[in-house]
Amino acid sequence: MTNVCQAQTTSAAKPRTPSAPTTNRQQALLGHETEINALLKKLTLEEKVHMLHANSAFAAGGVEHLGIPEIMTSDGPHGVRPEQGRDWKGVKGANDAGTYLPNNNTLASTWNPELGYAYGTVLGSEANFRGKDIILGPGINIVRTPLNGRNFEYLSEDPFLISKMVVGYIRGVQDQGVSACVKHYAANNQETHRNDIDVDMSERALREIYLPGFKAAIQQGGAYSLMGSYNKFRGTYATENAYLMNDILKGEWGFKGLVMSDWGSVHNTQDALRNGTDLEMGTDLELLNNSVDQSATASIANAPTKNVYDRFYLADAALDAIKKDPKLVPLLDDKVRRILRVMYATNMMGGTKRKPGAYNTKEHQATALKVAEEGIVLLKNEGNMLPLKKSVKTIAVIGENANRENGLGGGSAQVKPKYEITALQGLKNTLGDQVKITYAQGYKIARGQKADPQMIAEAVAAAKAADVVVYVGGSTHGYDYSKWSDNAYDAEGTDKPDMKMPFGQDELIQAVQKANPNTVVVLLGGGPIDVSPWVGQTKALVEAWYPGMEGGNAIAHVLFGDVNPSGKLPFTFPAKLEDSPAHKLGEYPSTPGNELKQTYKEDIFVGYRYFDTYKVAPQFAFGYGLSYTSFDYGKLTMTPGTQSATVSLTVRNTGKMAGAEVVQLYVKDEQSSVKRPEKELKAFEKVFLKPGESKTVTLKLGADAFQYYDEGKKQWVLEPGKFQVLVGSSSRDIRQTGNLTL
């Protein structure tokens with residue numbers, strides 16, 4: 001069906017600039033400027049500098065006689081990290097076993113912004129309970145390559161989906177009186193060479209792909225703090241990059257909060273002072289002693305230090321630099337002002353007490369379960385093998401991931417859960433004593449581990465003796481810092497060697513499927529994985545990500561139909577690594593012949609923008625996910641404005657089971673003067689329907705839904721012409737289309 005709506009006709013109209021932006025929530029940070037001005041007059045130069053750097057592993061600043069407390073930070077993006085003490089030695093007996101939420105992939109797969117708020121509320125409440133002022137999340141870097149070891153911390157390959165999910169997360173955290181800290185700004189899309197890679201990309205790619213999520217986090221989410229990334233951007237380290245920090249973040253976007261470094265991402269005192277870094281955390285003193293910043297190291301060597309933290313770039317070296325150049329004082333005052341704003345906003349100061357937090361409550365556990373249930377994605381269901389019937393007699397559960405906890409894995413994102421329900425335990429919880437459940441490990445998690453013939457034989461025997469097999473495999477976290485490099489494929493500080501199933505699982509799955517065709521494969525992991533060796537013979541395939549402390553229960557609920565799966569992929573699963581645009585068109589891990597340089601040659605064609613535009617078939621498309629019911633999409637009704645449109649349609653559940661569908665709206669520019677993607681996600685809504693029930697879904701498209709970034713004009717423009725509106729169940733499953741002329 002095509003609905004042509006003539007919004008405006010003109011033969012020689014000039015490109016239009018964006019309409020007025022919505023209210024910038026950063027203004028909420030400006031409520032205590034009078035008190036802050038008074039404090040700035042009382043603070044000595046030394047006290048101001050003291051506020052700019054860490055004084056322990058996760059704490060910074062504090063001026064006791066003026067009532068300014070230390071600011072306490074903590075990882076991480078899906079749970080409050082175990083206590084590290086002031087010196088990274090951990091705290092025995094600490095009350096730090098709390099709620100382990102599903103990872104951010106899972107949250108993004110829900111396509112449910114309301115769950116983003118609930119998720120952030122749990123994080124903020126538990127951080128508050130633990131005495132934290134800033135929680136170091138959300139992580140929103142673009143999933144550019146399937147190999148990034150930290151993809152599990154991030155949301156999506158698509159900037160629009162990120163923007164919609166991150167706002168609720170941030171508001172949920174900050175409504176609990178704790179600051180969110182959006183990270184890692186910017187272009188931190190790999191862990192290999194993360195400390196020294198110099199990233200270059202077009203201005204259009206920066207504006208259209210890599211910055212929109214951060215802009216939404218700041219202006220719509222109202223994030224109080226932001227973390228700079230490790231990498232360089234166009235020749236300058238991102239954390240002290242004048243263009244990123246001063247021009248865009250604090251200038252264009254009006255950011256009023258504080259910029260903190262990642263742990264060790266500051267490299268130069270003068271650059272940090274002048275180019276937007278407000279708070280320096282975690283600098284590696286051994287690297288600092290070898291710094292090329294000779295003025296800093298000279299000051300450090302001669303300074304009468306009271307502790308090692310006075311040797312940071314924004315400590316004694318900064319104090320010395322400011323004394324030599326009083327013109328730096330206004331920059332210093334601006335940094336202190338931003339830190340104090342966050343303190344007032346989080347009720348650390350000002351006389352208003354923060355409402356009490358809560359820790360590992362039943363309500364928080366219920367949120368963890370809900371996110372896991374809505375985030376699980378059903379990828380294949382041949383012959384309606386799922387849901388399984390609870391009348392089944394015997395089930396063989398195979399795979400080490402079925403009986404392995406993941407909470408303490410991944411690096412700085414590690415969480416110590418009060419408990420963690422594995423898939424094996426979740427199946428037992430759901431089925432009780434009515435079904436015989438056997439377990440075979442099948443493979444061993446260890447770096448470089450290959451298929452084990454004896455373990456395969458045991459798994460095959462278990463599969464043959466069962467009515468149904470539930471295989472739980474995929475990728476894995478390392479348990480902790482000391483072990484992550486040995487057994488991790490999703491972890492900070494390391495990228496995956498390839499996209500293949502590790503630990504000899506391809507051979508194992510093929511043997512198990514041959515032994516029992518009634519095999520359900522459940523994948524855990526933090527991103528796309530190559531399933532091509534066996535997916536053709538698989539009847540049922542489920543992506544469960546790292547589903548948190550209630551993950552095993554969620555998996556069982558989905559497999560046995562207590563919950564109808566409604567998750568949708570937040571990024572494309574390539575059929576093979578070579579199909580990924582960063583590897584096909586771009587550069588990874590660096591420019592050939594220069595390991596410290598990298599150019600994003602794929603430009604704006606990231607994820608489905610590449611696959612759909614260049615007609616490359618994915619294994620599973622962006623936005624894809626099956627259900628146990630079916631949905632009918634009615635005809636589109638479009639109401640145009642001069643630079644906008646409203647799109648409505650009726651969605652009906654035509655099956656026999658209650659379920660939820662994510663209605664996705666994509667826009668295609670049919671007459672552009674620049675190369676644009678085949679389609680781009682610009683609106684979506686998750687709609688919950690009972691059998692036979694219908695609902696009208698209304699999606700609003702503002703001017704930004706039709707614009708591109710004009711590098712010559714250095715602005716967003718809406719170029720008059722024809723636009724196609726495509727609505728469907730994934731980027732490759734379009735159910736209805738319509739046309740607009742703007």
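Is phenylalanine 503 buried or exposed? Phenylalanine 503 is buried, with a relative accessible area of 3%. The structure discussed here is a predicted model.

**Aromatic pairs**

A pair of aromatic rings is described by the distance of the centres and the angle of the planes. Across the whole structure, a search returns 27 aromatic pairs. Two of the pairs are set out below with their geometry.

| Pair | Distance of ring centres | Angle of planes | Class |
|---|---|---|---|
| phenylalanine 129 and tyrosine 359 | 5.1 Å | 0 degrees | stacked |
| tyrosine 443 and phenylalanine 503 | 6.0 Å | 5 degrees | stacked |

Phenylalanine 129 belongs to helix α4 (residues 113–129), while tyrosine 359 sits in the loop between α13 (329–345) and α14 (362–375), so this pair ties together parts that are 230 residues apart in sequence. The two partners fall into separate accessibility classes: phenylalanine 129 is partly exposed, at a relative accessible area of 40%, whereas tyrosine 359 has 12% and is buried.

In the pair of tyrosine 443 and phenylalanine 503, the planes stand at 5 degrees, so the rings count as stacked. Tyrosine 443 is in the loop between β13 (436–440) and α16 (453–464), and phenylalanine 503 is in the loop between α17 (484–487) and α18 (505–515); the pair therefore ties together parts that are 60 residues apart in sequence. Tyrosine 443 is buried, with a relative accessible area of 2%, and phenylalanine 503 is buried as well, at 3%.

Aromatic residues also group beyond pairs: one aromatic cluster is formed by Trp111, Phe160, Tyr608, Phe622, Tyr666 and Phe684.

**Helix contact**

How do the axes of α6 and α8 cross, and at roughly what angle? Helix α6 (residues 203–210) and helix α8 (residues 242–252) have axes that come within 15 Å and cross at roughly 50 degrees. The two helices are therefore oblique to each other. The crossing in which α6 passes α8 is right-handed. On the α6 side the contact is made by Glu203, Leu206 and Arg207, and on the α8 side by Tyr243, Ile248 and Glu252. By residue type, the contact of α6 with α8 divides into 3 nonpolar and 3 charged residues, with no polar ones.

**Backbone exceptions**

Most residues other than glycine have a negative phi, and most peptide bonds are trans. The following sites depart from that pattern.

The peptide bond from leucine 386 to proline 387 is cis, its omega being near 0 degrees. Proline 387 is located in the loop between β11 (377–381) and β12 (394–398). A cis peptide bond also runs from tyrosine 588 to proline 589, again with omega near 0 degrees. The loop between α20 (581–584) and β17 (597–599) holds proline 589.

Tryptophan 545 is placed in the loop between β16 (540–543) and α19 (551–559). With a relative accessible area of 0%, tryptophan 545 is buried.

Key: Residues are numbered from 1 along each chain as its sequence is written. This is a predicted model: local features need pLDDT of at least 70, side-chain atom pairs count only at pLDDT 80 or more; totals for chains, interfaces and linings use all residues. Side-chain values use heavy atoms; hydrogens and water are left out. Axes are lines fitted to C-alpha atoms, for helices over the stretch in contact, and angles run from 0 to 180 degrees between N-to-C directions. Helices (H or I, at least four residues) and strands (E, at least two) are DSSP runs, numbered from the N terminus. Angles under 35 degrees count as roughly parallel, over 145 as roughly antiparallel, 65 to 115 as roughly perpendicular and the rest as oblique. A crossing is left-handed if the near helix is turned anticlockwise from the far one by less than a right angle, and right-handed if clockwise. Contact means heavy atoms within 4.5 Å. Ala, Val, Leu, Ile, Met, Phe, Trp, Tyr, Cys and Pro count as nonpolar, Asp, Glu, Lys and Arg as charged, and the others, Gly among them, as polar. Rings of Phe, Tyr and Trp (its six-membered ring) pair if their centres lie within 6.5 Å; planes under 30 degrees apart count as stacked, over 60 as edge-to-face and the rest as tilted. Buried means under 20% relative accessible area, exposed over 50%, partly exposed in between (1.4 Å probe, protein chains only).
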